[in-house]
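Please keep the structure in view while reading.

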Amino acid sequence: MIFSGPPRFDPSRASFHPMPVIEESAMVGGLATGIPLSTLQRDRITAEATALVEGARSGRHHLADLDAFLAEYGLATREGVVLMCLAEALLRIPDTVTMDRLIRDKIGSAHWEDHLGHSPSAFVNASSWALMLGGRLLHQDEAHGLIERLGEAVARRALIAAMGILGRQFVMGTTIVEALNCSRSWEARGYRHSYDMLGEAARTGAAARAYLEAYSNAISMVGEASAGRGPVHGPGISIKLSALHPRYEMSQRHRILDELTPRLITLCRLAKSVNIGLTVDAEEADRLDLSLDVIAATLADPGLAGWDGFGLAVQAYQKRAKPLIGWLIRLARRNKRRLLVRLVKGAYWDSEIKLAQERGLEDFPVFTRKSATDISYLACAAELLAAGNAVFPQFATHNAHTMAAVRELAGDRTDWEFQRLHGMGETLYQQVVAHSPCRTYAPVGSHRELLPYLVRRLLENGANTSFVNRMADASLPVEQLVSDPLSAAAKPSHIPLPHALFAPRKNSTGLDLSNPRVLTELDTLLDTAERRPMAEPAHADLAAAMTRAVEAFPAWDAAGGDRRAGLLERAADLFEDFRPDLMRLAIREAGKTIPDALAEVREAVDFLRFYAAEARAHFSSPTLLPGPVGERNELSLHGRGIFACISPWNFPLAIFTGQVAAALAAGNAVMAKPAEQTPRMAAEAVRLLHLAGIPPDVLHLMPGGSHTGEALVAHPAIAGVAFTGSTGTARAIHRRLAARNGSIVPLIAETGGINAMIVDSSAQPEQVLSDVIDSAFRSAGQRCSALRVLFIQRQAWAKLEPMLSGAVDELTVGDPGLLTTDIGPVIDAEALAMLTAHARRLDDCGRLVARARCPSTGLFFAPRAYEVADMMMLDREVFGPILHVIAWEPSRLDQVIHAVNATGFGLTLGIHSRIDATIHHISERVRVGNVYVNRSMIGAVVGSQPFGGLGLSGTGPKAGGPHTLPRYAVEVCRSINTAASGGDPELLAGLDN
């Protein structure tokens, strides 16, 4: 059982759990037929939308909203991207040195003069002048030190003020009191308001409690301002569930239902007491089911009876939107109340696409074409308007055609409203607010809190496909802007589906671990696999196995790359067919958590398919080389002979399979020695490879301890060794191979490292926190690529330290077979003893800043972080979940780089910064094999992020890269004198030409 108790998923939503994997075009056709609009009505909609656009364009010069700014500095321009980076980073940088670096990096790289005088807005033109002059001032000759210093100080103050002004265009007020005061003038013009207390997801319990208090205070104040107007006619509040709990994710569902639901009920009861509306905002797609669980439980609370102020947002770009609305209508009727339903198009589109591709899902949870989202929106709008008193529809849009279509669908109904984002679409809405109810979504918060939100809005509304951006483009004909999505020709999406991400190679298949249907099926499959006995691998006779391998090698090499590729691809399919069994072994034998076990199988499958493609491309036929007439020169690749593949326990399937697949693909016979701790996983992998058609005499499993590895390396028939493990063992193998008589045998070694992450104060703390937790502690820190040393600028560390402590405290250490577990056991008692001893040393010479709770029995070691003075005590890799934190001053970046290089290791390095010059400076100077910028340091993807290190971290080539297979092969060049038979046939055949 992957659940700690009965999951009790709501069966009433079972019908739309499969929806994310349905093909987009098939869905759109069904949605379109459900929109009750005649040809005459559609013509009226187009005419009204045209009038709205023309009115908005003619009234632009009277207004001071951000539409003009985004029109000039859209995301298609270098300058727009620069401004987005400044908006995201500048106001939260705590020190002036890093501020000046960011400003110099961004302002000077853009061509502001190209934007002078383009906009009808005086505000935009003044901004362009200021940015141009600031950029030039910052790049005066270095000899003019006073001018330069004055330029930096002036530019810094000016840009901080400018970013504040930019933020205020989107934000109603920095406090709820300020926002309520600001809203009065808008209310006089007919607007209602929903206040959103800005903030991102809570990562600590303290942050969640602070958000709960902020929401509570805001509800009281908004209630007082509402003065009894009620949820529809008065102001309301919007909240994010992710702000109310630090672990708002499906894996923690029981905690969420037990801990978050009471918090939401408390807020709802407070909103009821002051008679205002409370709307739960929509977030990422993988949180939808969880949010509906919380919402359903909240609405069932008897203390909320008689209150029609509960609302939630529905994202029309999600494939589940229309059936979700049907479910909400039934929920409202069952609870005998009216729900406020805010229909939006969605704000996380790009991240949903990326995440689905990374996870290898069957399809995307969102529509990939704008026209499909527009059709989904209209279908959802029609269903909301047909629901009677079950819902009060709220249509959030800045699209003129959508607005006109909603008014047509509504007919004579008046119990609904439009919604717009504060700072956006004012020119459009000034034409409708007098006769259609309009509510402004009004963000509230400090400039530092608004940054992630502001960037998301800039991305959403500054994109080339955004209606706001396109409406401001006077060169774009109105008829294109108001085109009817129902008339749009169906075009195939240019975005590759997850399985085709690496086409023509098929991507490995993943699982959506937020989908109740998928989780229920996985639970059953793993439970069935658990009941099957795990066979112990039989002892192998090295001499006999080697004899058979030597005899089998020539035929296997002669089989050619294409045939070998077909067998490896068949093996990849079998690995996916037997995924539950392989995951069960990863969990029980290697202590992998469920997500890590899934990732392990996917990586093994990717290795098989990648090396199959490489074999087909480079080992199927010789490469023709240039030469004179009458001569043919060709170069071909062949296997070396017998390869010894010695793999570790930390990736008992992925690394084992990667080594074996590479050697087999290149035409070698293989003696595969798995780690002593994980032989059963290797045995299952070999069984599937044999089942796929790899001849048993070509691939031999050699289980055992160090003596087995030593015997393999010493055997005279071994023609190559692939090894992943410790540096000491790699050195011993190298010495043994060098001492042998006969041919020189290659060693392909990957040996871990003391991996660092360098963070400056321009980095986003929330992103750094997420990537540090992931890189340092996932898989119990037992990854070659895991983060060991966090070098963080001292000013940034002051902000991150309490966040790290709180986030580590939320980690769950325990049984890896449970979905709730974040971190499982370490591999054995020896590893536990080593980590315990190292922690004792750190207790004496470092400062403990974070430690997770941990079971007192078993092979569990609590993840922890220590602040230390330097790297002196780290003379070797500490393989486990211990993070060493070193704070550095802004002037000492080069010393940090030197300290990283001085270890002699060179596997992975993380960089977190928003300053391109800093990223380039570090990347050019560190000696490491894999550099990860503003992302996690673990989880290298086969074929996309080839993995391997330098120096003490390995010999190369990188695993899963384009240069891997030649290292497992020998090259043969054949030169043929074709003229010896009487002439060059090709030349003679072309004489007449």
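The largest cavity holds about 180 Å³ of space. The model is predicted, and a search of the whole structure finds seven cavities of 30 Å³ or more.

**Largest cavity**

- Its lining consists of 19 residues, and those nearest the centre are Ala 282, Glu 283, Leu 288, Ser 291 and Ala 313.
- At least two lining residues come from each of α12 (288–299), β4 (310–315) and α13 (321–334).
- Among the contributors to the lining of the largest cavity, β4 gives the most, with four residues.
- By class, the lining of the largest cavity comprises 11 nonpolar, three polar and five charged residues.

**Second largest cavity**

- The second largest cavity contains about 140 Å³ of space.
- It is lined by 15 residues, of which Ala 285, Asp 286, Leu 361, Pro 365 and Asp 512 are the closest to its centre.
- Helix α14 (residues 349–359) provides the largest share of the lining of the second largest cavity, namely four residues.
- Seven nonpolar, two polar and six charged residues make up the lining of the second largest cavity.

**Second largest pocket**

- The largest share of the lining of the second largest pocket, six residues, belongs to α29.
- The lining of the second largest pocket divides into 15 nonpolar, 15 polar and 10 charged residues.

**Packing of α8 and α9**

- Two packed helices are described by the angle between their axes and the distance between the axes.
- For helix α8 (residues 176–188) and helix α9 (residues 205–226), the angle is about 25° and the axes lie 10 Å apart.
- Because angles under 35 degrees count as roughly parallel, α8 is roughly parallel to α9.
- The crossing of α8 and α9 is right-handed.
- On the α8 side the contact is made by Ile 176, Val 177 and Leu 180, and on the α9 side by Ala 218, Met 221, Val 222 and Ala 225.
- The contact of α8 with α9 has seven nonpolar residues, with no polar and no charged ones.

Key. Residues numbered from 1 in each chain as written. Predicted model: local features only at pLDDT ≥ 70, side-chain atom pairs only at ≥ 80, totals over all residues. Heavy atoms only, no water. Nonpolar A, V, L, I, M, F, W, Y, C, P; charged D, E, K, R; others polar. 1 Å grid on protein atoms, 1.4 Å probe; cavity = no way out; pocket = protein on both sides within 12 Å on 5 of 7 lines; lining within 4 Å. Points joined across faces, edges and corners; volume = space filled by probe spheres on them. Axes fitted to C-alpha atoms, helices over the stretch in contact; angles between N-to-C directions. Parallel < 35°, antiparallel > 145°, perpendicular 65-115°, else oblique. Left-handed = near helix turned anticlockwise from the far one by under 90°. Contact = heavy atoms within 4.5 Å.
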